[in-house]
Amino acid sequence: MEQVVLKGRELPGDIINYISNLESTNTVLETDNNSLHVKSVSLENETIILKEKIEDLQAKLQIALFRKYGRSSEKIDPSQIEFFEVPEVDEESIEEDETIIVPAHPRKKKGRKPLDPDLPRKIIIHDIDEADKMCGCGHELEKIGEEITERLQIIPEKVYVEQHIRFKWACKNCEGSGDEENPVFRIAPSPPTMIPGSIATAGLLAFIFVNKFVDHLPFYRQEKRFERIGVHISRQNMSNWSLKVYTKLKPLEKLLKEEVKTGSYIQMDETPLQVMGEEGRPDTSKSYMWLARGGPPETPIVYYNYQETRKAEFAKDFLEDYKGFLQSDGYKGYDSALKDNKDIIHVGCLAHARRKFFDATKARGKTGSANIAIKKIADIYRKENELKNLELEENEFLKRRIKEVKPLLDDFKEWLDDKAGKVRPTSNTGKAIFYTRSQWNKLIKYLECAELTPDNNAAERSIKPFVLGRKNWLFSGSPTGANASALLFSLIETAKANNLNPYGYLKWIFEEAPMIKDDNEFEKFLPSNCDREKVNQFQFNGL
């Protein structure tokens, strides 16, 4: 130990030992302090992580509760849009209790809507007795007007049997000349039907398929409904009829597939489906129903196709030789299908991006960045609708769209880039921002096609009836049954897209198809060729 000297004098040994112990103790305390600081920082980080996890779990719970108990519509009252004009500050520290002036907005007129004037009327006259038509002064009362009250009456569907009688003819003078073209016994030929030898007429088949694919009634429920009116048709018969109709109309399936690719754009979507009896696959496997909507703008086509998987190979094969725009959601399978394909321009869906911001608003439960994003998207849609309502020529519309809509998109992108560094990436708002930025190059591609809208909603509306029906009939009994459902859904949704009566469209096809001799004649059933007046004359009254 070095000798300690203070002002020329040596310190006592016990003092020197005391100082040495203090130095050692200080070193230990510094070490402990550093260790505690590290632990404190670690605990703070764990606290932040746990807090974020709690926030994420609370957000998921809020979204789950909203989806279960809240309204499914994502529409926002236009009068509430102004509430989204909040200052650009940290979303964790937005102040409330501001005075807001609510602008005037239109309200729906209260009261009952008038009954359709095209519905047939049965006039029932109510009048007072003849004795009451004499006034107390002795003069006869004169009619000065009338009061009309309308009430809706329903008569269940009419059921009757078509009894086809074919007279037989024979010559009693001879036993026949032996000429095969002029036999002695003669009878009128039986009229062709979709399913020879069955009781099913075109009207019955159309009624059954509309009940299932429009009103989502499975065959077993229809079986019970028929029993209530004294008709016995088993679910097995109805299922077999759908398979036989599919076999007869299979050429039409190919025509729809070709026609959907004749337009300047195609919208695609897909949804899960459970199919029994798939070869080499358990019945619990997840299959898919794919949808493509396209064709001529004035006569759009909706095409359903059943596939065992969601692999990109189907989209790639389906889009072979197609040139134009493809609009879809963010499913990466479409990116794989279009890899190295320069003939197709891939367009994104702004509605999917908006939906993620909408979920974020329900997760937070208060005004924040997600609401601002919805406001900016609403401005884009508002301007799009204004331009559509002007009914401009295509070139003029595209010029106006670039001039008036693109600045709104650019402003939205600038806002997204700025917020990306300020919002926690794992939050719902952060995920919505990440998704929108990752899809941005595809989201703005719709600007190049006058017929396209910012979203894929038309395809989603066409596939939604299938999703609703699936909740009722749950699965398809066989791959052939899934193909039959795909064709019938295609015909019905195509009819709806073209403002055709689905029942009338199917009935017309089922009446005409048995008389077709050449597959090329099936072209008459495409919306661009069909007899609209004849199709829409059929009236369908359900229960």
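## Overall make-up

The chain contains 17 helices and nine strands; helices (H or I, at least four residues) and strands (E, at least two) are DSSP runs, numbered from the N terminus. Of its 543 residues, 38% are buried, a term that denotes under 20% relative accessible area, with exposed meaning over 50% and partly exposed in between (1.4 Å probe, protein chains only). Among contacts in the chain with a separation of 6 or more, 65% join residues 24 or more positions apart, where contact means heavy atoms within 4.5 Å.

## Basis and confidence

The model is predicted: local features need pLDDT of at least 70, side-chain atom pairs count only at pLDDT 80 or more, and totals for chains, interfaces and linings use all residues. Residues are numbered from 1 along each chain as its sequence is written, and side-chain values use heavy atoms, with hydrogens and water left out.

The average pLDDT of the chain is 86, and 86% of the residues score at least 70; pLDDT is the predictor's confidence in each residue, from 0 to 100. Over residues 79-98 pLDDT stays under 50, and the model has 31 contacts beyond four places in sequence for this stretch.

## Helices α5 and α15

Helix α5 (residues 250-259) and helix α15 (residues 479-497) have axes that come within 10 Å and cross at roughly 60°. Axes are lines fitted to C-alpha atoms, for helices over the stretch in contact, and angles run from 0 to 180 degrees between N-to-C directions. The angle makes α5 oblique to α15, since angles under 35 degrees count as roughly parallel, over 145 as roughly antiparallel, 65 to 115 as roughly perpendicular and the rest as oblique.

The crossing of α5 and α15 is left-handed, that is, the near helix is turned anticlockwise from the far one by less than a right angle (clockwise for right-handed). Leu 252, Glu 253 and Leu 256 of α5 make the contact with Leu 487, Ser 490 and Leu 491 of α15. These residues comprise four nonpolar, one polar and one charged; Ala, Val, Leu, Ile, Met, Phe, Trp, Tyr, Cys and Pro count as nonpolar, Asp, Glu, Lys and Arg as charged, and the others, Gly among them, as polar.

## Helices α11 and α12

The axes of α11 (residues 406-420) and α12 (residues 428-438) come within 10 Å and cross at roughly 130°. The two helices are therefore oblique to each other, and α11 passes α12 in a left-handed crossing.

## Lysine 143

Lys 143 lies in the loop between α1 (13-69) and β3 (168-169). Lys 143 is exposed, at a relative accessible area of 70%.
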